[in-house]
There are 2 protein chains.
Amino acid sequence: MDAENTDDFWMVSMRVLCVPLHKFPPCFCCSSVFLAFKTPKLLVMQNTPPVWNELLERLSEVADLRGAGALAHWDQATLLPPGSASGRGRMLGTLSKLAHERFTDARVRDLLDQNEAFAREQHEAGDSFPLQLLTTTRRDFDKATRVPSEFEARFASHCAQIYNVWEEARRESNFGKVAPLLEKTLDLSRELASFFPHEHLADPLIDSSDAGETVASVRAVFHPLREALVPLVREVIERPLASDAPLRGHFSLAAQGAFATEAIRAIGYDFSRGRMDFSAHPFMTSFALDDVRITIRGEENEWGELFFSAMHEAGHALYEQNIDPRFEATPLASGASSGVHESQSRLWENLVARSPAFWSGFFPRVQEAFPSLRDVSQANFLAAINRVKRSLIRTDADELTYNLHVLIRFDLELEMLEGKLAVRDLPDAWNARYKSDLGLDVPDDARGCLQDVHWFSGTIGGAFQGYTLGNILAAQLFETAQNDLGDLNSHFARGEFGPLREWMTSHIYRFGASLLPRDLIVRATGRPLELAPYLAYLKGKFAA
Amino acid sequence: MDAENTDDFWMVSMRVLCVPLHKFPPCFCCSSVFLAFKTPKLLVMQNTPPVWNELLERLSEVADLRGAGALAHWDQATLLPPGSASGRGRMLGTLSKLAHERFTDARVRDLLDQNEAFAREQHEAGDSFPLQLLTTTRRDFDKATRVPSEFEARFASHCAQIYNVWEEARRESNFGKVAPLLEKTLDLSRELASFFPHEHLADPLIDSSDAGETVASVRAVFHPLREALVPLVREVIERPLASDAPLRGHFSLAAQGAFATEAIRAIGYDFSRGRMDFSAHPFMTSFALDDVRITIRGEENEWGELFFSAMHEAGHALYEQNIDPRFEATPLASGASSGVHESQSRLWENLVARSPAFWSGFFPRVQEAFPSLRDVSQANFLAAINRVKRSLIRTDADELTYNLHVLIRFDLELEMLEGKLAVRDLPDAWNARYKSDLGLDVPDDARGCLQDVHWFSGTIGGAFQGYTLGNILAAQLFETAQNDLGDLNSHFARGEFGPLREWMTSHIYRFGASLLPRDLIVRATGRPLELAPYLAYLKGKFAA
């Protein structure tokens, strides 16, 4: 409690906390020192109009409320005491509600309008930041305000209900139990879509996480992907299954964590502005551009999950850590879309960290760190981390078959939205597709259409396409980077990841959410999203 | 990123986080599931008027914003990556500002007025909660709104400035460098006091952390305390200094942490609703009544600091963990005052954990955990943890001399406020008091009047009295509990702390901030704060 003799500024706050923060006025003395000390100057331009400053201030408040919510989530996933869930739930609700209120306030619309002329002026004078900020913010504002709050409340209440019933239904493998509620989800998903202009009902739902994409644009790549993938998977699984024995044994979590730390540091994850912790389910989160954290999970009796979850999340984190700092605390300070974000996690996890070149550098290190791998050949290790084995469960799937799981869900949700597939017929349709695409018999709905939470906690439509869009884009970006930088494999073999990361920074990361994914991709690769590089990659890797 | 196959509800949120939270509308789907799932019902009464519900809702928002700020502080003190300070500072500023705005809004005043009749009605029907809530909230609201925001901004800006200069001045031991700014602090402290009714200028400053106390009421116990303490200290330090050799050696932090965990669990700290972590400076903080955390610090080459910081902070935490759950998310959900809070940290740290009875139970355990203590006698161990040694630095002081440091500061700040002591004469006055009260020569201002951050980051007046009020109150409460419960020492010797903790819960903790400290003390002990039990305790322990 007597913590004041210190050179650390932050201790000033301790005193406030020491006398309990909830009680004493937060406006006097020490806590206001904070404000004055640490509120950074957001304004990077001279002589900006007051309404511009007000807009930045407002957006910064919203960003901080969301950042605080993200911190509260992170803490919950990593450290929260078991008996603290109730208070935490309320805090998360409050932060989310206030962020929404502050962002959708009519004043924001005024500020957007009143800054239009200033932004165009700056644009003509060579600074596109204000105009990009207005454009992106207007798009977000529009999305956030088109939906009546009456609908939101109704939808939230439905989601709460179906989520609980789904948990039971999945436990009992009883689709019938949740089917009536899923029909209501379908109605609500259609109603939600109806608040937005659209050609296909799923367009607005897709747009909410993959801005600018539509059913038509996604189908244009997904259909040919399926045409190519189904026979490729069939071909690969007819070969003898690679052994995963090298990855079984005892691998202490401490050693696995240390090795993952070394690897993600090597690809450029900046630990001075981030952390890696354990959680039940891996994720990346950021509270500000200078605080981008990842979580991992792993088991002592298996080598792989911890390492690849670290590489995956570090891929997401590289993106956020390298966004233009000028975008801090605005809607531009995030990834461009779900698909573009996923392209980075997949690129670093799969195209880099499952490649022979990567392991020609790291294999001696992994052998050094884990004695049981010393008797394993590099070829067998590579085969084990890349083995293809059909599975019923999406989240267990390997790099090659994963997309088939996504395509099945994407197609079925469109059919439901279009009225071509009745909810009650979902299990049959699901099982038929697992048979035709993966050659698997689904034994029960728990391992079938009840496995994913998505439809049972949100809309039908829009939640799955990003995973596969990301895989496709990763290959296109990798190919372009390789054309620009020369043989990336020889870099990887030497442990050099800087050139690829810097290429991604200058072509993708730094732009944050300032460009639509479509424009970003054309700018980075010279052409729109296309399937060819991904198919070439998969065939080169798996059809050999 | 694929974290959906789970029985853990909270994973629903992960998906939102996985696609970066900053980007996508927080109002759809999963994030709204949250609101519906987890917003607990705050309303504990049937058929409450809508304005009552609105008041609870508003207070809950403020509590959650403060709780989120406290979490952001805690994370900063325990885990924050070194490069993340800027974003965190902004987040803290935003949360503090919004909490203040939401609380001081004119609507809160309306809600207080409109609920008056309802609260009186409930009170007459036997439920005093609504009326207590109105009373405490009105008091806090009044304090928070009397100060013009123009003044707050001016004061915050001054605090930022003087804090930076103080850091340099302390490093250089150059009081002259910061003296002009300290004069301005004095003016601002007087101005702040002027916004409140008062007899003495320091009254409102004291009241802000020790509600209901005044210069007169504090002096009434502090003067006789000094009269008794100065000769007692003189007597004690003339005896041979106890050896602290038993506490020197190598004590791994892991073993110290495990032992502290065992001890605070024994006194009743509930780890299912809290955590203990390391930080540069120990503190207790709470984000909700079900999430009350403590931090500790320690060194491997010394036994004591870690253990006693844990007991101290656990004392604070026992208080907050045992507040009536009905007070959750209201201004009642905190301690009654700085002094009452401190009484609990001091009680568990000093009256319990430095007592012979405590160690008659725990000494075998500490010997088991730390081999080097096996050759130490219990008497020598007790002498070492209770040794009295005058020091120049308040935060290094032992239990007996600590209060003299506080009394010096309290007297000098009143003299400055009264205009009897010029700021430029502070070092001389300080040094004279250290000589007369502690018999020490102050070699430089760094180890003199520049040592504490309080005057250099907040007001002159009001920051110190709580420490000593807490010590005095601790003895009075302990004595009363002992009268009620019988021989507490025999409980402690058997490792039984439940009776004392439950007595504190029923007499102090559960009331939270629903009563003024004065009323709380009379209710708990049958009389106002008095010095006799504390002097008896000190004499019994140290004058022997």
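Predicted model: local features only at pLDDT ≥ 70, side-chain atom pairs only at ≥ 80, totals over all residues.
Residues are numbered from 1 along each chain as its sequence is written, and chains are lettered from A, with ligands numbered from 1, in the order in which they are written.

## Aromatic rings

Rings of Phe, Tyr and Trp (its six-membered ring) pair if their centres lie within 6.5 Å; planes under 30 degrees apart count as stacked, over 60 as edge-to-face and the rest as tilted. The count over all chains is 80 aromatic pairs. Take W303(A) and W359(A): their ring centres are 5.9 Å apart and their planes stand at 75°, so this pair is edge-to-face. W303(A) lies in the loop between strand 3 (291-296) and helix 13 (305-321) of chain A. W359(A) belongs to helix 15 (residues 356-369) of chain A. The pair therefore ties together parts that are 56 residues apart in sequence. Helices (H or I, at least four residues) and strands (E, at least two) are DSSP runs, numbered from the N terminus.

In chain B, W303(B) and F307(B) form a stacked pair, with 5.2 Å from centre to centre and 25° between the planes. Buried means under 20% relative accessible area, exposed over 50%, and partly exposed in between (1.4 Å probe, protein chains only).

| Residue | Relative accessible area | State |
|---|---|---|
| W303(A) | 1% | buried |
| W359(A) | 0% | buried |
| W303(B) | 1% | buried |
| F307(B) | 2% | buried |

Rings also meet charges. A charge sits over a ring if NZ of Lys or CZ of Arg is within 6 Å of the ring centre and within 35 degrees of the ring normal. R409(A) places its charged end over the ring of F464(A), 5.8 Å from the centre.

## Strand 3 of chain B

Six of the six residues of strand 3 (residues 291-296) of chain B are buried, so the strand is largely enclosed by the rest of the structure. D291(B), R293(B) and T295(B) point one way, and V292(B), I294(B) and I296(B) point the other way.

Two strands pair if DSSP finds at least two bridges between them. Strand 1 (residues 276-278) of chain B runs parallel to strand 3 of chain B, joined by three bridges. F278(B) has I296(B) as its bridge partner there. Strand 2 (residues 284-288) of chain B pairs with strand 3 of chain B in the antiparallel sense, over four bridges. Here M284(B) is partnered by I294(B). A hairpin of two residues links strand 2 of chain B to strand 3 of chain B.

## Cysteines

A disulfide is a pair of cysteine sulfur atoms within 2.5 Å. The structure holds zero of them over all chains. C449(B) has its nearest cysteine sulfur, that of C159(B), 18 Å away. C449(B) is buried, at 2% relative accessible area.

## Helix 7 of chain A

Helix 7 (residues 129-146) of chain A has 18 residues. From first C-alpha to last it reaches 26 Å, close to the expected 26 Å. The expected span is 1.5 Å times one less than the number of residues. Its buried residues include F129(A), L133(A) and F141(A).

Note on methods:
Heavy atoms only, no water.
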